[in-house]
Amino acid sequence: MQHRVFAFGAALAIFALLGFGMGQLKFSMALRVEPQNPSSSARALTLSAPTPYLVPARALGGWNLYSSNAITPTVLAAIRRQRPGIIRWFVEWDVYEPHHAGEANWAPYRAFFQTVAETDTVLIVQFWNQYGFPLWAIGDLRQRYPNPGTYEGFVGNLAAELQAAGAQKVIYEVFNELDLRSPSFCAVSPMTLNYTNTRLVTLFDNPKWSGGSGERYRNLYQAAPGPFASSGVLHRYPAAFPQCGSFIDSADWISPTAPFISAIDLHLYYDDIGEGAQKGTPEVYLQEVSNRLAVWDQFTAQPLPFFIGEIARTAGESIVPMTPAEAEQLRLRHELLRCAFPTRYIGMLSHHTDKPGKAAWDSETGWWGDALPCHLYLPMVTR
């Protein structure tokens, strides 16, 4: 699971309708989706309206993809065969530029860039590190964050390559799960310090940027042409890090981040939500999405579109192959979100193994399917 808001060009004005194919799902339940009251600790924020992100005509289905897997013949053939509406691609800085700036060679990736352009696939570029910041970029081991311009240069170079290849439907995420920080320091380190302060906050974990309003954090959102998404928000800190001992409000991170982004990326593994008989149910999943969006809505001039950037049964099983039963569970939640949030929901990306022969792209068809009438899923939805 650890793994500028700028306008779209004319090519992004209309998303192509995607052809889906699946059997009818049986679902009958009365469901009311009502956001819970936001935390009282949330701060007010005045900001100009972010650039609207155009929600596709149909909710998009796809999968996560890691680094050099993107250029394998198997993956390129699967994109043409399955025609996923959306792909989230992890790009690890320390893998591509381990020794010096400008080291990344994107020439082998141009076929991948051209393929997503030709198939009208939305590409989410998820920047990340596999092990940590490249040593050449941080200079001082006590610093624990890159020198200004180093990471931005890497991001900018890749963005230029994508544009040159004709990939227009690109969303950038500046670092995976940007709001995550090491639980070892949860009781003493405010989330806004990680990338805006020299304080060492991730002694026992890979360096992560927790957000904030400092110059270095803002510069991350100037390195690519945009639009930007939120880079995968965990949000539920008490559940994720019970050792913290007190409630940590994600609004402390969201409020300075919201002005930069055009879409929200939520990472939600369905069996990790809820308790007892309600654990992992579609109702609980839909309610959890609604609750999380309600926090964001406090800090944006208008509701932002969103997508589920990672989903599997549990985060601990995100590296196992997808079974037919698992695929059906994803389809169900995918359709529920489409029906409950028709003007906000972009799509969903499965997070499963990328091992040869067992990956999501090894099947003849994707896990997504025909968009069925909403009355089959939601007899009643209110938001």
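Mentor: Helices (H or I, at least four residues) and strands (E, at least two) are taken here as DSSP runs, and they are numbered from the N terminus. The model is a predicted one, in which local features need pLDDT of at least 70 and side-chain atom pairs count only at pLDDT 80 or more, while totals for chains, interfaces and linings use all residues. Residues are numbered from 1 along each chain as its sequence is written, and side-chain values use heavy atoms, with hydrogens and water left out.

On the α1 side the contact (heavy atoms within 4.5 Å) is made by L76, I79 and R80, and on the α3 side by A111, F112, T115 and V116. These residues divide into 5 nonpolar, 1 polar and 1 charged, given that Ala, Val, Leu, Ile, Met, Phe, Trp, Tyr, Cys and Pro count as nonpolar, Asp, Glu, Lys and Arg as charged, and the others, Gly among them, as polar.

Within α3, which spans residues 110-118, F112, F113, T115 and V116 are buried; buried means under 20% relative accessible area, exposed over 50%, and partly exposed in between, with a 1.4 Å probe and protein chains only. They cover an arc of only 160° around the axis, which puts them on the same side of α3, the arc being that of the directions from the helix axis to the C-beta atoms. Among the elements that cover them are α1 (73-82) and β3 (122-128).

Turning to the backbone, most residues other than glycine have a negative phi. S67, in the loop between β1 and α1, has a positive phi of about 35° and is buried, at 15% relative accessible area. R83, in the loop between α1 and β2, has a phi near 50°, and at 43% relative accessibility R83 counts as partly exposed. Just after α3, D120 takes a positive phi of about 60°.
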